[in-house]
Structure formats: C-alpha cells, structure tokens
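This report describes selected local features of one protein model.

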Amino acid sequence: PLDLELYTSSSGAPPIAPVVRYEPASDTAFECETIDLHLNALVMLPREEEFTKVRGSVIEKLVAQLEAAKKMLVAHPNEKRFKYCHYSPDLLSYVVSILYPDVGSDEMRLFKRRQALHRQLLLPLDRPLIRLSNAMSSGANSSFAKKLMDVHKALKSSGVKGGKQSLVKGTYCYFHYMQDRFDDAGWGCAYRSLQTIISWFVLNNYTNRKIPGHREIQQTLVSIGDKPATFLGSKQWIGAIEISFILDTLLDISSKVITFNSGAEIPTKAREIAHHFETQGTPIMIGGGVLAYTLLGIDYNESTGECAFLILDPHYTEGEDIDKICAGTWVGWKRLGDNAAAGGDLFVKTAFYNFLCPQRPNTV
C-alpha cells in the first residue's frame with residue numbers, strides 16, 4: 001500500500017512538502033486495485049462572496065461527490081476510470097452533475113444509464129442532452145472557433161402577417177464559399193450546404209466526427225460507386241441526392257426528399273416544410289436550378305397561404321462579418337419572386353427542385 005499525505009499551513013511558515021509512506025504488505029493474499037476518479041466541483045455563489053466561504057463550498061461539494069461515487073464504483077466493478085460532468089439543458093432551470101465511467105468517445109456504452117437519467121430528470125427520450133459531448137466546457141469548440149453560428153438570430157421579422165414561424169432547432173455553423181482558404185466559388189455551394197447540415201449534427205451532439213472537406217466528400221461518393229474515379233479532385237457540382245448518400249454513409253442519417261416540378265410550386269408545400277421543422281428541426285438542403293441553398297425555417301399563415309422562407313446562402317465569399325451578411329441578405333427571409341443574394345431569381349419558376357430533409361435520430 002502507498003499512503004500519500006498532503007499537508008498545508010495557514011500560517012506564514014514555509015509550505016510543507018508531501019509525505020509518501022510505503023508499507024510492505026505482510027499478507028501474501030493482499031490485492032491492491034487502483035481507481036481513477038476525476039472530481040469536478042461546480043459551485044454557484046454570489047460574486048461578492050468571501051473567499052473562505054467559496055473554498056468551504058468547494059470542499060463540501062468535493063466530499064459530497066466522493067460519497068456519491070461509492071455506489072457507482074460498486075455498480076461498475078470492471079470500470080477503472082470515472083469522471084464528473086456538468087450539464088445545463090435548456091429544458092432544466094438548474095445544473096446537473098453526473099458521474100460517468102470514462103468510456104472515451106464510445107457514447108453507446110452509456111446508453112442505458114442515459115436513458116434512465118432522462119426518465120429521472122423528466123427529459124425527452126428523443127434527443128441527446130446528457131451525453132459526454134453535451135457536458136459544459138470552459139473553452140470553445142476549436143472546429144468552429146473562427147466561423148459564425150446561428151446567423152439567422154440577427155434578423156428582424158419576416159413580414160408575414162399572422163404567420164407562424166417554424167425554425168431550425170439547435171445550433172449550426174454557417175459554411176460558405178472561400179472558407180478555410182479553399183476556393184470553391186462557382187461550384188461548391190452544395191458542398192458548403194452539406195457542411196452546414198453536418199455541423200448541426202455535430203454541435204447538437206448526434207455525432208463527434210469532423211466536418212468533411214470537399215475532397216473527403218468526393219472520395220466518399222467515389223468509394224460507394226456513385227461517381228467515377230475522375231470525380232475526385234474535380235470541380236463538379238453535387239446535388240440533394242448525393243448529399244443524402246453522404247449523410248447516410250458518414251453519419252448513418254436518413255433523409256426525406258420533397259420534390260417540386262417548378263419553383264412556382266414551392267409555396268404549395270409550406271405546411272409540409274413547417275412540419276419538418278416542428279418535428280425534426282434539422283436544416284434543409286435546397287437543390288435545383290443552378291444554385292444550392294440551405295433552408296433554416298418558414299413563416300407560414302395557414303389561413304391566407306402567405307409564407308416566407310428563411311434562406312442561408314452559401315455563395316457568400318467574404319469574411320465572417322454578421323452585419324455584412326445580414327445587409328447583403330446572405331441570410332434572410334425570402335418569398336417566391338425575390339432575388340437571391342448573388343442576383344437572379346431565388347426560385348426559378350421553370351426549374352425542378354429537391355428539398356432534402358435530414359431525419360434526426362430518435363435517441364438519447
């Protein structure tokens with residue numbers, strides 16, 4: 001056995017070094033087992049609280065975590081590493097601290113425990129809210145650090161009188177032309193729309209994979225036999241069907257497709273589009289004509305049929321400036337007959353369109 005003793009002094013005396021005492025075991029049947037328990041105390045106190053009270057509250061929380069950990073250690077005798085994580089779901093008005101076995105990135109090993117906790121906390125069973133990847137963090141996600149999130153929140157009203165807004169649910173990242181010093185202007189709009197959609201699944205903790213680049217997207221389509229080898233490294237366009245193949249192959253995400261024989265037909269399926277955002281909440285990829293867009297929501301008045309579409313345009317080529325993006329209507333409410341931010345009709349009345357609607361996994 002190895003006993004590590006730590007001493008501290010509150011007086012002005014020099015700090016005392018840790019003392020290690022080794023005592024050989026006399027019992028030959030003695031067994032020693034090491035458990036790695038990562039404590040993480042989160043204490044909420046008024047800003048003006050005295051430090052001594054803060055320190056006492058932290059110590060009290062750490063002791064409570066040690067006591068609570070006993071049951072977990074007994075229930076999982078084969079696990080050797082445990083850690084506390086903190087969660088603040090929008091559906092709760094308080095922070096929850098949970099002790100999990102440290103399973104790395106294999107979230108499915110904790111599925112049954114998460115399911116039980118969802119029921120205990122009265123959380124819905126159709127979305128991940130307390131996965132390891134949902135845990136509160138003191139740092140930003142480095143994968144999206146230099147990109148803009150949820151740009152539609154800077155917009156004003158759509159102008160639809162008496163309409164009901166059905167919007168994307170959860171966080172996404174705005175991907176567009178020329179990002180990451182990669183010149184895809186003129187051909188990469190659908191690739192960027194796909195990256196925005198995948199960012200939604202990443203940021204809402206349905207997957208922990210990295211955002212695929214253009215070459216990986218092309219390589220995937222070649223690997224599954226959808227494209228010839230000459231497609232790799234080219235500047236060829238892709239559409240809604242290719243994006244459905246990518247989502248299925250890389251994320252195991254299925255999709256539904258709403259088809260339109262012409263751009264003029266799009267408002268006729270406003271109710272179906274609204275239903276997607278109400279039930280799934282994922283961004284929609286718009287493919288058709290010569291341009292691709294991402295649809296983030298719809299404002300629809302069922303009585304009058306008036307509707308507006310919340311369009312995120314991947315054809316933007318400049319820096320991450322939210323004022324410039326909104327002023328240029330690169331994100332904005334659009335109606336049938338309006339122009340796209342880059343010019344020309346947003347929905348061409350004589351063009352065929354596919355609206356690709358990714359289906360959110362029904363899981364915790």
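## Aromatic packing and local geometry

Phe-347 and Phe-355 are both buried, where buried means under 20% relative accessible area, exposed over 50% and partly exposed in between, with a 1.4 Å probe and protein chains only. The model is a predicted one, in which local features need pLDDT of at least 70, side-chain atom pairs count only at pLDDT 80 or more, and totals for chains, interfaces and linings use all residues. Residues are numbered from 1 along each chain as its sequence is written, and side-chain values use heavy atoms, with hydrogens and water left out.

The structure holds 13 aromatic pairs. Rings of Phe, Tyr and Trp (its six-membered ring) pair if their centres lie within 6.5 Å; planes under 30 degrees apart count as stacked, over 60 as edge-to-face and the rest as tilted. Two of the pairs are listed here.

| Pair | Centre to centre | Angle between planes | Class |
|---|---|---|---|
| Phe-201 and Tyr-206 | 6.0 Å | 75 degrees | edge-to-face |
| Phe-347 and Phe-355 | 6.4 Å | 35 degrees | tilted |

Phe-201 and Tyr-206 are both buried. Phe-347 and Phe-355 belong to one aromatic cluster together with Phe-260, Phe-309 and Tyr-353. Phe-260 also has the charged end of Lys-269 over its ring, 5.3 Å from the centre. A charge sits over a ring if NZ of Lys or CZ of Arg is within 6 Å of the ring centre and within 35 degrees of the ring normal. Lys-227 is placed likewise over the ring of Phe-231, at 5.5 Å from its centre.

Phe-309 of the cluster is also part of strand β10. Helices (H or I, at least four residues) and strands (E, at least two) are DSSP runs, numbered from the N terminus. In β10 (residues 307–312), six of six residues are buried. Cys-307, Phe-309 and Ile-311 point one way, and Ala-308, Leu-310 and Leu-312 the other way. In a regular strand the side chains alternate between the two faces of the sheet.

Two strands pair if DSSP finds at least two bridges between them. Strand β9 (residues 291–300) runs antiparallel to β10 and is joined to it by six bridges, with Leu-295 opposite Ile-311. These two strands form a hairpin with six residues between them, and Gly-305 in the turn has a positive phi of about 85 degrees. Strand β11 (residues 331–334) pairs with β10 in the antiparallel sense over four bridges; here Phe-309 stands opposite Lys-334.

Among the buried residues of α5 are Ile-243, Ile-246 and Leu-247. The buried residues of this helix pack against α3, α4, β7, β8 and β12.

Ser-199 lies in helix α3 (residues 189–203) and counts as buried because its relative accessibility is 0%. Not counting residues up to four places away in sequence, Ser-199 touches Phe-144, Thr-171, Tyr-172, Cys-173, Phe-175 and Ile-211, a contact being heavy atoms within 4.5 Å. A polar atom of the Ser-199 side chain lies 2.6 Å from the backbone oxygen of Thr-196.

Two non-glycine residues have positive phi values: Asp-180, near 55 degrees, and Asp-252, near 60 degrees. Asp-180 is in the loop between β6 and α3 and counts as exposed at 57% relative accessibility. Asp-252 is in the loop between α5 and β7 and counts as exposed at 64%.

Conventions: A polar contact is a pair of N or O atoms within 3.5 Å; within protein, one must be able to donate a hydrogen and the other to accept it, and residues adjacent in sequence count only if both atoms are side-chain atoms.
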